[in-house]
Amino acid sequence: MYGDLANKLVIEAKRTQQLNGKPNKATKLPMYNDEIVRNIITEVNQLKQNAEFLKENEVMSQSENKVVKCQYFVNSLCLERNKRCLLAYQRLRCDALDSMIWENNGMDSSNQDSNDLSHEEQEYLREYADLITDLKVGALSDIDISGSLTPPSDVFIDVRVLKDAGEIQTEYGVFNLIKDSQFFVRQSDVERLIQQGYLQKI
């Protein structure tokens, strides 16, 4: 039935969105569902041909046939719904790829398996990472564009060390970051280490 494949794609996108929405979880995408996407595109083309055929018949007959009008209307609705579902699926994946780049400070060396991405997504990921890197190196080299956009509520925060990172020199002294130790530090000094996964805000 028309729309069933698009519904499967929407359910998969919703599941991905729920999994990526969990706190302290890195963004990860499931394998690109190439087969369903191709089948939906085939279905869209078929619906488009049906709509054109029904439109021609209505013009040729010059009659007020309500059945033909209803068929044309339902056909058009299915066509538009399939397109919207495809666009929503692609948009969700695109937003997740953007998040991966920003989480990794403009580098595409994420924990995402490249076999799970389509060829176009791999190319997008690579070019978007290059764009952000060029921005950081170029005119905006003095500004940390990968930092948080929300101002900190506290200047100093408690952090727990998740991975050994050695000695860190800050304005307030030297910290030896050993796994499972805790520190009360200035947030701006450790923001990058939190992004990289060495520290966790308590």
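Biologist: How many helices and strands does the protein chain have?
Modeller: Five helices and five strands. These are DSSP runs numbered from the N terminus: H or I of at least four residues for helices, E of at least two for strands.

Biologist: What order do the elements run in from the N terminus?
Modeller: The order is α-α-α-α-β-β-β-β-α-β.

Biologist: Before I go on, what sort of model is this?
Modeller: This is a predicted model: local features need pLDDT of at least 70, side-chain atom pairs count only at pLDDT 80 or more, and totals for chains, interfaces and linings use all residues. Residues are numbered from 1 along each chain as its sequence is written, and side-chain values use heavy atoms, with hydrogens and water left out.

Biologist: What share of the 202 residues is buried?
Modeller: Buried residues make up 31%. Buried means under 20% relative accessible area, exposed means over 50%, and partly exposed is in between (1.4 Å probe, protein chains only).

Biologist: And the accessible surface of the protein chain, how many Å²?
Modeller: About 13,600 Å², with 54% of that belonging to carbon and sulfur atoms. The areas come from the Shrake-Rupley method with a 1.4 Å probe; for residues, only the protein chains shown count as cover.

Biologist: Switching to rings. How many aromatic pairs are there in the whole structure?
Modeller: The search finds four. Rings of Phe, Tyr and Trp (its six-membered ring) pair if their centres lie within 6.5 Å; planes under 30 degrees apart are stacked, over 60 edge-to-face, and the rest tilted.

Biologist: Why is the Tyr32 and Tyr89 pair called tilted?
Modeller: Their planes are at 40 degrees, so the pair counts as tilted; the centres are 5.9 Å apart. Tyr32 is in the loop between α1 (4-20) and α2 (34-61), and Tyr89 is in helix α3 (residues 66-103), so the pair ties together parts 57 residues apart in sequence.

Biologist: Are those two buried or exposed?
Modeller: Both Tyr32 and Tyr89 are buried.

Biologist: What about Tyr124 and Tyr128?
Modeller: That aromatic pair is stacked, at 5.7 Å centre to centre with 10 degrees between the planes. Both sit in helix α4 (residues 119-137); being four residues apart, they are separated by about one helical turn. Tyr124 is partly exposed, with a relative accessible area of 30%.

Biologist: Which ring does the charged end of Lys55 sit over?
Modeller: The ring of Tyr72, 5.2 Å from its centre. Here NZ of Lys or CZ of Arg must be within 6 Å of the ring centre and within 35 degrees of the ring normal. Likewise, the charged end of Lys163 sits over the ring of Tyr198, 4.9 Å from its centre.

Biologist: Now the sheet. What is the strand order?
Modeller: An open sheet of three strands runs β4-β1-β5, with antiparallel pairing. The edge strands are β4 and β5, each pairing on one side only. Two strands pair if DSSP finds at least two bridges between them.

Biologist: How many bridges join β1 to strand β4?
Modeller: Five, with β4 covering residues 182-186. Three bridges join β1 to β5 (residues 199-201).
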